[in-house]
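Work through the exercises below with the sequence and the 3D view open. Try each task before reading its solution.

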Amino acid sequence: MNTPDLRHRLLTWYDAAARDLPWRVRPADHAAGVRADPYRVWLSEVMLQQTTVPHATPYFLGFTRRWPTVTDLANVEDGDLMAAWAGLGYYARARNLLACARAVARDHGGVFPDTEEGLRALPGVGAYTAAAVAAIAFDRPANVVDGNVERVMSRLFAIEDPLPDSKPRLKALAGDLVDAHRPGDWAQALMDLGATICKPKSPLCDRCPVSMHCAAFARGDQDTFPRKTKKAARPRRFGIAYVLTLGDEVALVRRPDKGLLGGMLGLPTSDWTSAPPTDLQGAPAAAAWREAGEIEHVFTHFSLTLTVLKAEGDADDVVWTSMEGLGALPSVFLKAARLALETPRLL
Ligand code: SF4
């Protein structure tokens with residue numbers, strides 16, 4: 001592997017083809033001395049974990065309009081933040097986001113630490129996010145490795161060991177390639193290569209700036225990398241979601257802080273178990289429940305089938321919410337509410 005040539009080719013490609021992203025400083029501006037705002041880099045990286053760029057972008061724009069600095073974000077009420085996050089999923093990230101913003105505001109005067117170690121010490125900031133912010137915002141030679149970069153490394157070096165055991169090796173290979181002169185651009189160039197050219201299925205090798213250095217391409221079996229250990233099938237759970245209406249309002253409950261969708265407002269539900277429920281466990285009231293149908297939702301660790309029941313009536317210990325307010329519900333509850341209220345587009 002001619003590493004200097006590979007670096008030169010990838011960075012030259014990035015200079016010409018970098019994606020325009022609202023949190024990114026373009027390479028020409030960066031070369032002219034413009035620095036990325038660590039708050040925007042951090043926020044984008046947290047949002048992009050498990051979320052695509054097109055899905056995260058409107059959230060990023062909305063957040064930075066409402067809360068232009070990390071101190072503004074630190075002052076937000078928990079409930080407002082959770083409502084603004086609704087639809088992005090993985091709600092533990094929103095809680096970590098707030099904990100981190102408050103730590104930066106309280107302990108660092110609203111200024112992010114400028115080293116990987118300092119960033120890593122913030123609450124909720126993992127190794128990947130610390131490396132990404134250190135590289136992109138502060139031009140530290142950090143090794144920024146996510147699933148995209150692992151895939152690129154596995155192909156460049158035709159690594160036969162399957163994931164996840166091969167992770168340390170792939171990380172070490174990526175570490176050897178980091179460009180010490182332009183580490184922020186290097187990290188983003190690799191991200192762009194993985195996202196736009198070296199895609200999971202059907203990589204566009206004829207447009208790849210480093211194909212002459214790619215071992216898998218030379219063999220012609222690049223689509224087969226990375227090798228993976230076979231995954232166990234995702235288990236299925238079952239439950240009931242209750243849509244209780246009183247006039248124009250719907251009964252919601254605040255979910256416990258710990259656990260899935262913790263701290264979010266949601267529809268009352270039964271427990272989610274491996275067999276379909278046989279009674280009205282978790283119903284918010286004794287009412288004339290009618291079946292509206294079923295919805296399916298896929299979480300990271302299981303698939304969920306929810307039977308949706310609806311009724312009119314009053315209940316204690318619920319939060320009555322207007323129909324418009326339902327738009328801030330996590331997607332699984334939004335699906336159930338849409339089905340029960342027969343408003344596929346209104347919410
Ligand atoms: S040549 Fe193809 S497989 Fe190899 S790095 Fe480029 S896009 Fe990926």
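Predicted model: local features only at pLDDT ≥ 70, side-chain atom pairs only at ≥ 80, totals over all residues.

**Exercise 1. The chain as a whole**

Task: State how many helices and strands the protein chain has, what box its C-alpha atoms fill, and what percentage of its residues is buried.

Solution: 
- Step 1. Start with the secondary structure, which comes to 14 helices and 6 strands.
- Step 2. Take the extent along the principal axes: the C-alpha atoms fill a box of roughly 70 × 50 × 35 Å.
- Step 3. Turn to burial. The protein chain has 347 residues, and 49% of them are buried.
- Step 4. Look at the contacts between residues at least 6 apart in sequence; 67% of these join residues at least 24 apart.

**Exercise 2. The two sides of helix α11**

Task: Find which residues of α11 are buried, which exposed residues lie on the face turned away from them, and what the buried residues pack against.

Solution: 
- Step 1. Locate the helix, which spans residues 167-177. Its buried residues are Leu170, Leu173, Ala174 and Leu177.
- Step 2. Look down the helix axis. The buried residues of α11 fall within an arc of 100°, so they line one face of the helix.
- Step 3. Go to the face turned away from the buried side, where Pro168 and Asp176 are exposed.
- Step 4. Identify the packing partners of the buried residues: α1 (3-17), α10 (147-156) and α12 (183-197).

**Exercise 3. Strand β5 and its neighbours**

Task: Describe how β5 is covered, and decide whether it runs parallel or antiparallel to β1 and to β4.

Solution: 
- Step 1. Check burial in β5, residues 303-312. The strand is mostly covered, with 9 of its 10 residues buried.
- Step 2. Examine the pairing with β1 (residues 236-246). The two strands run parallel and are joined by 10 bridges. For a point of reference, Val243 stands opposite Lys310 in β5.
- Step 3. Examine the pairing with β4 (residues 290-298). Here the sense is antiparallel, over 8 bridges. In this case Gly293 has Val308 of β5 as its bridge partner.

**Exercise 4. The cavities**

Solution: 
- Step 1. Take the largest cavity, with about 110 Å³ of space.
- Step 2. Assign the lining to elements. Both α10 and α12 supply at least two residues, and the largest share, 3 residues, is that of α10.
- Step 3. Sort the lining of the largest cavity by class, which gives 11 nonpolar, 2 polar and 1 charged residues.
- Step 4. Move to the second largest cavity, whose volume is about 50 Å³.

**Exercise 5. The pockets**

Task: Give the volumes of the largest and the second largest pocket, and say which elements contribute to their linings.

Solution: 
- Step 1. For the largest pocket, the volume is about 1500 Å³. Of its 37 lining residues, Leu48, Gln50, Thr51, Gly147 and Asn148 are the closest to its centre.
- Step 2. List the helices that each supply at least two residues to this lining: α3 (38-48), α4 (53-66), α9 (127-138), α10 and α12.
- Step 3. Divide the lining of the largest pocket by class: 17 nonpolar, 10 polar and 10 charged residues.
- Step 4. For the second largest pocket, the space is about 490 Å³. Of its 24 lining residues, Gly89, Tyr90, Leu260, Phe299 and Thr300 are the closest to its centre.
- Step 5. Assign this second lining to elements. At least two residues each come from α7 (92-107), β4 and α14 (331-341), and α7 gives the largest share, 3 residues.
- Step 6. Divide the lining of the second largest pocket by class: 11 nonpolar, 11 polar and 2 charged residues.

How values were computed:
Residues numbered from 1 in each chain as written. Heavy atoms only, no water. Buried < 20%, exposed > 50% of the residue type's maximum accessible area, 1.4 Å probe, protein only. Helix = DSSP H or I, 4+ residues; strand = E, 2+ residues; numbered from the N terminus. Arc of directions from axis to C-beta. Contact = heavy atoms within 4.5 Å. Pairing = 2+ DSSP bridges. 1 Å grid on protein atoms, 1.4 Å probe; cavity = no way out; pocket = protein on both sides within 12 Å on 5 of 7 lines; lining within 4 Å. Points joined across faces, edges and corners; volume = space filled by probe spheres on them. Nonpolar A, V, L, I, M, F, W, Y, C, P; charged D, E, K, R; others polar.
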